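Let's take a friendly walk through part of this structure. Have a look at it below, and then we will follow a few of its helices and strands.

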Amino acid sequence: MAGKVSNFSDLIQRVAASCLLHPLAAGRHDSCDSPVHRRTGDEHDEDDGDEQDEDDEVIDGGGLGFKAGEDRGSTNKEVVEMEMSMREVFDAVAAMKKAYVSLQEAHNPWDPAKLRAADAAVVGELRKIGVLRERFRRRHFTGGGERVMAGSTLREVVAPYEAAVDELKREVKCREVEIQNLKEKLNGVANGSHSKKGRSVSRRKVGSIGLTEVAAAPAPELFEATMSQVREASKSFTSLLLTLMRAAHWDIAAAVRSIEAATATTVGTNTTSSTIATQNGDAKYALQSYISRKLFQGFDHETFYMDGSLSSLLNPDQHRRDCFARYRDFKAMDPTELLGILPTCQFGKFCSAKYLAVVHPKMEESLFGHLEQRRHVVEGGHPRSEFYREFLGLAKAVWLLHLLAFSLDPPPSQFEASRGAEFHRGYMESVVRFAGGRVPLGQVVGFPVCPGFKLGNGSVIKARVYLVNRN
């Protein structure tokens, strides 16, 4: 009897151990319990013989051993499948990390082709992980649970696309507001050009054609309108520069004399006219002259002599089409945003070179107390300061004018009034207003303020000059 009790305890321990070690196969342990129940019934049946009981124990023990082996084999198969699934998951995650690194590398330097390829690779790996997740859920959920999980998975898959659509809708609304604001500004500029006195017929035509509509082809009127924008941007930047100089307690007259002295050394002229300008409170014109001279230097070359390109000579027709296409694309862009993405593009190089030419290191240090902006520009970046943003507005206007110049056939010819030259009404415009609106006799060019252009249709954009008395 003691032997039977011992064997029964062993059976209980084996069943418990099997259930604890293999919980995934718990549903099959019911069949393992039947020998135990039969064995318990045999134990209460005292009429059976000891030999028969021992035979039952052997049979039951054999049955239990068979069932446990079957459960163990099924569990091992599921473990192997789980290991394979986990291995696939780890491989997919590693591949996604590699694709994401490639996506990051494509941002700097900016490479659109590499960016698209890396983006497709990341999306592909994410989809692969999604397939593995769905396979796992289908394997371990059945019936109603599978339908619930399928609905949940569908919502999870659709949610990112819905969020992307919402984001695009918000961006479209922002762009529409921005377009409306720009239209209002352009209408204001057009109306202002109509109200100004002394405009020629072609200039009035600019207000109605060049500003309010998107030009389908380059035209002299469009060039005239863009030149007007250059002059307005030049006035704005010069005004800001003068304000900063006064805030830094500069001697404006001395500063202008210093600027003109450097120019006189280069071109071999005197500085008497600039001195007269500062004495009359017209220092802004001397500064405009200096800034304009720096920005328009190299205007006659297709890249401002930043490289040795000769596309305008080798394939002029294609070069004209390319220039106007770039003009249309660039006109609607914010230069700050563009340079934040492509700091070393052609326009970015132009801005860097011109800023370093216009703003002397000592000037910047005196105005701001440091050289951080200059250091940023030298390193290939573009500051986000108000001063540099104002400079970018002027640089963009000159860049657009340059693109238009190389879009026209024939291209406009640039000219500039020389110091001491007689005032010529057909080619010059005085920045100083005289009584009665007429320039008196005996006035000569003190210094040029802004260059002029003669267009292919015969119209002339007059050069702006500062006039002084011959005596």
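## Where two helices meet

Ser234, Lys235, Phe237, Thr238, Leu241, Leu242 and Met245 in α7 meet Lys284, Leu287, Gln288 and Ile291 in α10, where contact means heavy atoms within 4.5 Å. The residues of this contact comprise 6 nonpolar, 3 polar and 2 charged ones; Ala, Val, Leu, Ile, Met, Phe, Trp, Tyr, Cys and Pro count as nonpolar, Asp, Glu, Lys and Arg as charged, and the others, Gly among them, as polar.

This is a predicted model, in which local features need pLDDT of at least 70 and side-chain atom pairs count only at pLDDT 80 or more, while totals for chains, interfaces and linings use all residues. Residues are numbered from 1 along each chain as its sequence is written, and side-chain values use heavy atoms, leaving out hydrogens and water.

## How the helices are set

Helix α7 spans residues 220–247 and helix α10 residues 283–295; they pack at an angle of about 120°, with axes 10 Å apart. Axes are lines fitted to C-alpha atoms, for helices over the stretch in contact, and angles run from 0 to 180 degrees between N-to-C directions. Helices (H or I, at least four residues) and strands (E, at least two) are DSSP runs, numbered from the N terminus.

β3 and β6 (residues 463–469) run antiparallel and are joined by 6 bridges; strands pair if DSSP finds at least two bridges between them. Gln443 has Asn469 in β6 as its bridge partner.

The open sheet has 3 strands in the order β2-β6-β3, with mixed pairing. β2 (428–430) and β3 (443–450) are at the edges, each with a single partner strand, so one side of each has no neighbour in the sheet. On average, neighbouring strands of this sheet are turned by 45° against each other, direction ignored.
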